Each structure stands twice: as C-alpha cells, then as structure tokens.
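Here is a friendly briefing on charged side chains and how they pair up. Take a look at the sequence and structure first, then read on.

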Amino acid sequence: MLRATKRVPAFIPRFLQPLRQLHEDIEENIHFHKSKGQHILTNPRILDTIVTKSAINPTDTVLEIGPGTGNLTLKLLEASHEVIAIELDHRMVHILENRAIKRGLRSKLRVITKDALRTEFPPFDLVVANIPYGISSPLIIKLIYETTPFRSATLLLQKEFARRLLANPGDSEFNRLAVNVKLLADVEFVMDVSKRDFLPPPKVDSSVVIIRPKVNVPDVNLRQWRAFTRTCFNNKNKTLGATFKSKRKVLELFEFNNVSGLVREQDDVCLFKEKIVGVLREAGFDDKRPLKLSIEELLHLLSLFNKVGVYFDHHGEVMNEDDIDD
C-alpha cells in the first residue's frame, strides 16, 4: 500500500529567511562573502529612503556599484530610465537579471561584469550604491576625479568612514580623503543605518551620504594638489615644519625638482631646504598642523611653494593605492 508523502520544505538558513521573504527568487544555498563586502541591505524603509533622497528623474541613467541580489536595483529601475549595474560576482548577476525579468524591467538594466576600480564608467547622471567597504576610498576618488560630470552620488558607507568624509578642519576625523573630496564636491549626511538591516550583518553600522560635485572649483592642477596633500597628511598631527624639514622629505623633493639631473651637492640641497623653510616661516605655516587648515589655506600654501619652484606632482595616475584612507 502506497502512503502519501508529506513534502518537506527546503531548509533555509535563519539569516537568509528575512531576505527570502523580501524576494522569493533568491537561491536558498547562496553564500555571501563577507571578505568581499557582500552585505545585502534588506530593510524596505531604508531602501525607499535612499531612492527618495537621490531625487531620481524618469530620464536619468543611474550607476549602481555592487548591486548584489538587486534589492536596491529594482527600486532604481522603477524610478529611472536605465540602471547600469557593475557587479563582479556572476552568481549575483544571475539573480539580479532573473529578478529584473520577473518584474518586466530587464530592458532597463545594463550589467557590467567587471571590477569597478578597473572599469571605465559609461556616461551616467547619478550614482546610487551600497559600496563594498573595502573599496570605498579609491572608488569615491575615482568617481570625483576620473569620471565625466554627474549630478550626485548617494552612497551607503561604513559609519566611521562616512564620519571622516564629513569631517571639517579641526575635527579629529579630518583627513586627506576629506580634503580631496571637498575640494571638488559637497558632502551631505542623510541617515545612519543599523547593521541589523543587512544580511549577513556586518560588524559595524553604516551611514548614507550624498556627494554633489561643485559647479565652480578652484583653479589648481589636480595632480599637483593630490601629491601635495599626500605629503601634508602623511602624518596629519605633525606640524608642517616637522613634515617638510625632515631630511628624507627634503631629499625626496629635491630629487623630484632637480629637473636638470645634476649631481646632488650638499650646498644645493641646503639651498633647496632654505626655500622650503622660507615659505613655511614667512607665510606663518611652520607650526601649523594640516588637521586644522582649511582648503583655502592649503591651496595658498601650495601656490607659495610653486612660486619658488617647489613642485609635488609625481606625474602618476590620479588614483593609486595611496588614496586608500588611512
């Protein structure tokens, strides 16, 4: 005699159950890699707020970096003309595309399966993204210094990192990243997001900020500026005098500025050091710390150095590993 068998539902890990409820088409056995920053935002209220604060027009093309399984992407597709999603994980791309198809939104989705840091971004109007924590700093620099003009970037970042990005001169969190971003853009705090709103939950809370590129920016060579601020903020608590007058830094700058390629003589190095010391003392920067200087003061100091023939441009790429926040 045949017995009726009761169908046993597939086991769903406890941490995946809320995510499963949010969208029924997720693969039950998907594994998220915390080391790659794969923390999926699941709180619908937070997702809706991010989209609302981004002020998306129906004609906008939105760039999303690290869409994951697409919780935010689907809302962006509904609000915009097109979403360009950059996602390196093929498993996530499969889920994302299937969800867009089920919603009838696949024609508005363009997926780029590449590393965002090594990809040239196509034209876009806005950035809206839950950025993997590990690439936050170089990615923000890439957006601001390397891409074509865009209206704003609404970013979900690690809370501590966002605080440094929002910091002003004199704040303990003020650093090189804040200086370089604020030269070209304004940063606005939107809200904090609990780690409980992610699956799997990260170890720390997050914050949403909006970065808006400035219309009018200072007339300065950006590579010169970046190299200069790298020197100033190498140790942001040191006085500028201590930083620039160190033997190592004097020799480094002398070699860089020795365009004639002459053999280094001690007298030449001493004369070069006197230039540096003279600028710092005469302009009143010798005992000041970069942590407390405004962007205008830093721009002024850079111009004074350039006037006496001291340059900092290493002629490298705008973005490199030195841009990772310290």
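K288 and E297 join their side chains in a salt bridge, with N to O at 4.0 Å; a salt bridge here is a side-chain nitrogen of Lys or Arg within 4 Å of a carboxyl oxygen of Asp or Glu. The model is predicted, so local features need pLDDT of at least 70 and side-chain atom pairs count only at pLDDT 80 or more, while totals for chains, interfaces and linings use all residues. Residues are numbered from 1 along each chain as its sequence is written, and side-chain values use heavy atoms, with hydrogens and water left out.

**K288 and E297**
- K288 is partly exposed at a relative accessible area of 32% (buried means under 20%, exposed over 50%, partly exposed in between, with a 1.4 Å probe and protein chains only).
- E297 is partly exposed too, at 27% relative accessibility.

**R212 and E188**
- The closest N and O atoms of the R212–E188 salt bridge are 2.5 Å apart.
- This pair ties together parts 24 residues apart in sequence, because R212 sits in strand β9 (residues 206–213) and E188 in strand β7 (residues 185–193); strands are DSSP runs of E, at least two residues, numbered from the N terminus.
- R212 is partly exposed at 35% relative accessibility, and E188 is partly exposed at 33%.

**D89 and R91**
- D89 and R91 form a salt bridge through their side chains, at 2.8 Å from N to O.
- D89 is buried, with a relative accessible area of 13%, whereas R91 is partly exposed at 29%.

Technical notes. Helices (H or I, at least four residues) and strands (E, at least two) are DSSP runs, numbered from the N terminus.
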